[in-house]
Amino acid sequence: MTSAAPVIVYPPSEDGGRRVRIGDRFVGLAYGTTDIAAFAQEAGLQDWDDLDVVRSSLIEWRGGGPDVWAS
């Protein structure tokens, strides 16, 4: 099953990090919305910041939204 959202943020791990996938590639482990914004910028969304991450419908949050960083 594929997601309609090109960015998927997976549930938090024990250390609070969340894996992030953009398209078909895992881009890293995020510890906050700033990390996700940085991954999005590297993927070509140059003007993205924390607010874009929180508000965007391009992001599918699994295991909690942008305010969940602990398992």
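## A glycine after the helix

Just after α1, Gly44 adopts a positive phi of about 115°. The model is a predicted one, in which local features need pLDDT of at least 70, side-chain atom pairs count only at pLDDT 80 or more, and totals for chains, interfaces and linings use all residues. Residues are numbered from 1 along each chain as its sequence is written, and side-chain values use heavy atoms, with hydrogens and water left out.

## Overall fold

The secondary structure of the protein amounts to two helices and four strands, where helices (H or I, at least four residues) and strands (E, at least two) are DSSP runs numbered from the N terminus. Along the sequence these elements follow the pattern β-β-β-α-α-β. The radius of gyration of the protein is 11 Å, close to the 11 Å that the globule rule gives for 71 residues, so the protein is as compact as a globular protein of that length; the radius is taken over C-alpha atoms, and the rule is 2.2 Å times the number of residues to the power 0.38. Taken along the principal axes, the box filled by the C-alpha atoms is roughly 30 × 30 × 20 Å.

Of the 71 residues, 35% count as buried, a term that means under 20% relative accessible area, with exposed meaning over 50% and partly exposed lying in between (1.4 Å probe, protein chains only). The protein exposes about 4,400 Å², of which carbon and sulfur atoms supply 51%; accessible areas come from the Shrake-Rupley method with a 1.4 Å probe, and for residues only the protein chains shown count as cover. Among contacts (heavy atoms within 4.5 Å) between residues at least 6 apart in sequence, 39% join residues at least 24 apart.

Helix α1 spans residues 33–42, and its buried residues are Thr33, Ile36, Ala37, Phe39 and Ala40. These residues cover an arc of only 160° around the axis, which puts them on the same side of α1; the arc is that of the directions from the helix axis to the C-beta atoms. As background, an α-helix has 3.6 residues a turn, so residues three or four places apart point the same way. The face turned away from the buried side of α1 carries the exposed residues Thr34 and Glu42. The buried residues of α1 pack against β1 (7–9), β2 (18–22), β3 (25–30), α2 (50–55) and β4 (59–61).

Two residues show parts of this packing in detail. Ala37, in helix α1, is in contact with Trp48, Asp49, Asp50 and Val53 when its neighbours within four places in sequence are left aside. Val27 has its place in strand β3 and, with neighbours within four places again left aside, is in contact with Val20, Ile22 and Phe39.

## Four residues compared by accessibility

| Residue | Relative accessibility | Class |
|---|---|---|
| Val27 | 23% | partly exposed |
| Ala37 | 4% | buried |
| Glu60 | 24% | partly exposed |
| Gln46 | 55% | exposed |

Separations between C-alpha atoms place these residues relative to other parts of the chain. Val27 and Ala40, 13 residues apart along the chain, are separated by 9.3 Å, while Ala37 and Tyr10 are 27 residues apart in sequence and 15 Å apart in space. Glu60 and Asp24 lie 36 residues apart along the chain, with 14 Å between their C-alpha atoms, and for Gln46 and Gly64 the values are 18 residues in sequence and 25 Å in space.
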